[in-house]
Amino acid sequence: MRTVIRGAGLSVRVYPRALIVGVLLLLAALAVALVNLTTGDFPVPVADVLRSLAGKGDAGTDFIVYELRLPRVLVTLLVGAALGASGAVFQSLTRNPLGSPDFIGLTTGAASGALIVMLIAGGGGAQVGAGAIVGCVITAVVVYLLAFRRGVQPFRLVLMGIGVSALLEALNSYLIYRARLNEAIAAQVWLIGSVNGRGWTEVVIAAVTVVLLLPTVVYFGRHLKLLALGDEMAVLHGVPVERSRAILALAAVGLSAGATAAAGPIAFVALAAPPLAARLSRSPSAGILPAAMMGAALLSAGDWAAQNTLPDVDMPVGIITAALGGVYLTWLLFRERGARR
Amino acid sequence: MERTLTAVIAAPPSSPHQKRAQRRWIGFVAAVAVLFVVIALSIAIGSRTIAFSTVWQVLWHSDNSAESAIVHDLRLPRTLLGIGVGAALGLAGTVMQALTRNPLAEPGLLGVNMGASTAVVTAIAFLGVTTASGYVWFAFVGAALTSAAVFALGGAGRHPTPERQILAGVSITAVLGAVVWVVLVLRREAFDRYRHWDVGSFSDRDAGTVLRILPFLVVGIVLALVLGRQLNALSLGDDSAKSVGAHPVRIRALGLLSVTLLCGAATAAAGPIWFLGLAVPYAARMIVGSDYRWILAYAVILGPALLLGADVLGRVLVIPAELPVGVVTAFLGAPLFIALCRRRRLSSL
């Protein structure tokens, strides 16, 4: 179902259900984010949080909200959105529900880049983020080149990703093995993916990523449906196939790299968000924006669970997403097996 | 029944078959020779340079010198552990490939080693298990549960593809990874022990380690070797296997038992080591073809040779530090995996 709105030289197709789902998911994400602002070691009532956000709060509440909780909440929302969008693009491009950045080895590559900066060069903060982005982009290029053989076969891309990940994981565990214990623990926590203790630096990294790349992805994402019909069909409909695909892939790598730079390699949000959004909007493939909103909602909820599951322990959110995502993936494989019988 | 099986599996001797048999024997002798060379290197090479003649002398005539202590207390146990773990993982990989008929099956990739690790980590952190002989039992439970789960998820369908099994393994590894992280976040003190074990290494294992896992290794190895002919029958497909008098269900159960014993023992002793179970059957198959009796026999020799070779390489590459053997095998094995996957079509076994 769709509605076309035509104006002066511009027409926009609107899918009402996808739009509604997207808006609802956005509201859900914001609601969870608000809850996250109120909970913590020192509970703040919703009214005080809202007053503080409006710039009328008292100094104590302002400190808690702006210095401690808001960066974390914003990073969660932005990273979730970036991961969801990146996953949606990769899954459409590879025509495979498993074609998420986790499986193409991108997150492991980003982790290797960050670990090299952390444990060998001794950098921190923004340098770690830069290392993650460089590692992610290099890995993306390597995996793509390895998978390229008279065209890129989606499944081969996933397998190459697994192979390259295994290699990089060996490197990562060696880097952790040779480090001093304190640094090793810090590195391991970073590797799990966490939004704990994130400051405004990370907010800026994530915000720049999302603001620059999400519109790009959405703009070129209109070609995804035609690309999914096959290259010939897409060319017939006037889609510049190679250029669209290259731009989309690069932007999605960028989204995933930026997200990893800000929060570490958070597993499975990119894998699970797009199909869940698609399921809600009852369309075969999710739009990019609903997937992004789903990512934001999922990660916020995950962070809430990470903070509140165990008393006195602030778990990295990556643990929650990995556990839930792994269960989801297992279910996916199980269902596919049943479907083919 | 028994005679039919033999008649189908063992083809009548003819000239090309004799040639192949000859090639198999020559290859086997060569592999044994390589293994002995690698064992010698493993005993002779280390962070402390000892002349080969001295090593040879103290090896047979133990005295109170430092060299003797190094050879007997450090290098000899390490080498024996390498032989045991190498044989175990090589055989486990071969049996898994035969059971799943998947040329990519491997204890590391299918998550069995990760299952063993998860159980061990849980034991370290929550149940206060500190001895390696205690680890072994948890490693068995973990390995058995995961291999059953992976087979159920990725292998039991009517047309299981090799790739799907790998994905089942990877997804199980991801879930288990999350479990391990929870444990490590909750118990910081267990993390230090874990990171040295997780990397896959022989370096700080004492002499008792190999003795403790020895009984399990022996049972697992014997079981795997005895299964050779049954695995050949299974490679024909379940229906044909039944028609030549084999029992697929029984073969799978025994194979699973042997994989569990081998992976559990190897992982408890050395930590998760990837890709050895992939490379060993691959190399063996290149020399001997598709007869599992031969592939298994080769795996017993090639596994230790490759693993010890990787260990020696790890000691030499970054002197004076050393690379853990798990890192070396991953760096050697991952390219092989990538090369195998790059082939146009993966032939199912």
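Reader: How does the span of H12 in chain B fit its residue count?
Author: This is a predicted model, and in it H12(B) covers residues 248-270. Its 23 residues, at 1.5 Å a residue, should span 33 Å, and the end C-alpha atoms are 32 Å apart, so the two agree.

Reader: And what follows H12(B)?
Author: B:Gly271 does, with a positive phi near 85°.

Reader: OK, zooming out. How many helices and strands does chain B have?
Author: Chain B has 15 helices and zero strands.

Reader: How much of chain B is buried?
Author: Of its 349 residues, 52% are buried. As for contacts in chain B with a separation of 6 or more, 77% of them join residues 24 or more positions apart.

Reader: Let's pick a helix pair. At what angle do H4 and H14 of chain B cross?
Author: Roughly 140°, with the axes of H4(B), residues 66-100, and H14(B), residues 292-317, coming within 7 Å. The two are therefore oblique to each other, as the cut-off for roughly antiparallel is over 145 degrees.

Reader: Left-handed or right-handed crossing?
Author: The crossing of H4(B) and H14(B) is right-handed.

Reader: Which residues make that contact?
Author: On H4(B) they include B:Gly82, B:Gly86 and B:Gly90, along with B:Ile83 and B:Leu89. H14(B) brings, among others, B:Ala299, B:Gly303, B:Pro304 and B:Asp311. By class, the contact has 16 nonpolar, six polar and one charged residues.

Reader: Switching to chain A. How are H4 and H7 there arranged?
Author: H4(A), residues 106-121, packs against H7(A) at an angle of about 155°, and the axes are 11 Å apart. That angle makes the pair roughly antiparallel.

Reader: What touches what in that pair?
Author: H4(A) uses A:Ala111, A:Ala114, A:Leu115, A:Met118 and A:Leu119. From H7(A) come A:Glu183, A:Ala187, A:Trp190 and A:Leu191. Eight of these are nonpolar, none polar and one charged.

Reader: And the handedness of the crossing there?
Author: H4(A) passes H7(A) in a right-handed crossing.

Reader: Last topic, the contact between the chains. How many residues does each one put in?
Author: Chain A has 38 residues in the contact and chain B has 41.

Reader: Which helices of chain A supply at least two residues there?
Author: H6 (154-178), H7 (181-192) and H14 (317-340) of chain A each do. H6(A) gives the most to that side, with 13 residues.

Reader: What's the split by class on the chain A side?
Author: The side of chain A that touches chain B has 27 nonpolar, six polar and five charged residues.

Technical notes. Residues are numbered from 1 along each chain as its sequence is written. Chains are lettered from A and ligands numbered from 1 in the order in which they are written. This is a predicted model: local features need pLDDT of at least 70, side-chain atom pairs count only at pLDDT 80 or more; totals for chains, interfaces and linings use all residues. Two residues are in contact if their C-beta atoms, placed from the backbone, lie within 7 Å. Helices (H or I, at least four residues) and strands (E, at least two) are DSSP runs, numbered from the N terminus. Ala, Val, Leu, Ile, Met, Phe, Trp, Tyr, Cys and Pro count as nonpolar, Asp, Glu, Lys and Arg as charged, and the others, Gly among them, as polar. A residue is buried if 20 or more other C-beta atoms lie within 10 Å of its own, exposed if 12 or fewer, and partly exposed in between; C-beta atoms are placed from the backbone. Axes are lines fitted to C-alpha atoms, for helices over the stretch in contact, and angles run from 0 to 180 degrees between N-to-C directions. Angles under 35 degrees count as roughly parallel, over 145 as roughly antiparallel, 65 to 115 as roughly perpendicular and the rest as oblique. A crossing is left-handed if the near helix is turned anticlockwise from the far one by less than a right angle, and right-handed if clockwise. The expected span of a helix is 1.5 Å times one less than its number of residues.
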